[in-house]
Amino acid sequence: MSRISRREDVFYTMLKDLSTRITLATEDYSKLITTWPDSKDTVEVMRAHEEASDVLVGEILTELETSFITPFDRQDIEFLARALDSIVDEMEGISARLVLFDVHDMLPAAKRMCELTCQATADLNESVQRLPNFKKDPEVKRHARNVGALEDEGDIVYRNALGDLFHDFEHTIHVVKWTRLLDSMENCLDNCQTSANIISGILTKNA
């Protein structure tokens, strides 16, 4: 018999649902970036993902207000929910800026950062889906650690891309647009890292 109580299972289920939503959003984010500008219709889809994610986070916070029993520290549940949600927020913001900035061509570095984000969210999803058994399942920690390596690679791609942009002094608007977009893409990966760090913290606190 599972040692997880019904009240604890509610939070695991909600976090799993949120993680699944992020996975779905990431699939559309990948489509958006890799096939831009033919994927402009995906911008509205990203907005729908962001709104759905906000609803799921709201449900988690409401449940926290009325529950005395939680599977681990209630503040960590809130922090994890908000950190996961911020990933989708950033993806949606990137999609909106592609239209706002009238971007016509996608930088190779942007495609690579998108790939790294897809890999990071896949690892996060594995960690969250396995979270109910975090005391016995070493894969929870392994997947969380993987995110850190992906974020480190993203930092390198980001810095190199900025270096290339800043040599393009003849096209100032192009530099400004892509600096903002690359900043957002790096923030998205940072949010993945923050989520993984929270999971790692939960494992440490409850070892």
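Reader: How many aromatic pairs does a search of the whole structure find?

Author: The search finds two aromatic pairs. Please note that the structure is a predicted model.

Reader: What describes a pair of aromatic rings?

Author: In general, such a pair is described by the distance of the centres and the angle of the planes. Here, the ring centres of phenylalanine 72 and phenylalanine 134 are 6.3 Å apart, with the planes at 85°. Planes over 60 degrees apart count as edge-to-face, so this pair is edge-to-face.

Reader: Where do phenylalanine 72 and phenylalanine 134 lie?

Author: Phenylalanine 72 belongs to the loop between helix 2 (42–66) and helix 3 (74–100), and phenylalanine 134 to the loop between helix 4 and helix 5. The pair therefore ties together parts that are 62 residues apart in sequence. Tyr12, Phe72 and Phe134 form one aromatic cluster.

Reader: Is phenylalanine 72 buried or exposed?

Author: Phenylalanine 72 counts as buried, because its relative accessibility is 4%. Phenylalanine 134 is also buried, with a relative accessible area of 10%.

Reader: Which residues make the contact?

Author: Among them are Met113, Leu116 and Leu124 of helix 4, and Val140, Val147 and Leu150 of helix 5. The residues of this contact divide into 12 nonpolar, five polar and five charged.

Notes. Residues numbered from 1 in each chain as written. Predicted model: local features only at pLDDT ≥ 70, side-chain atom pairs only at ≥ 80, totals over all residues. Heavy atoms only, no water. Contact = heavy atoms within 4.5 Å. Helix = DSSP H or I, 4+ residues; strand = E, 2+ residues; numbered from the N terminus. Nonpolar A, V, L, I, M, F, W, Y, C, P; charged D, E, K, R; others polar. Phe/Tyr/Trp six-rings, centres within 6.5 Å; stacked < 30°, edge-to-face > 60°. Buried < 20%, exposed > 50% of the residue type's maximum accessible area, 1.4 Å probe, protein only.
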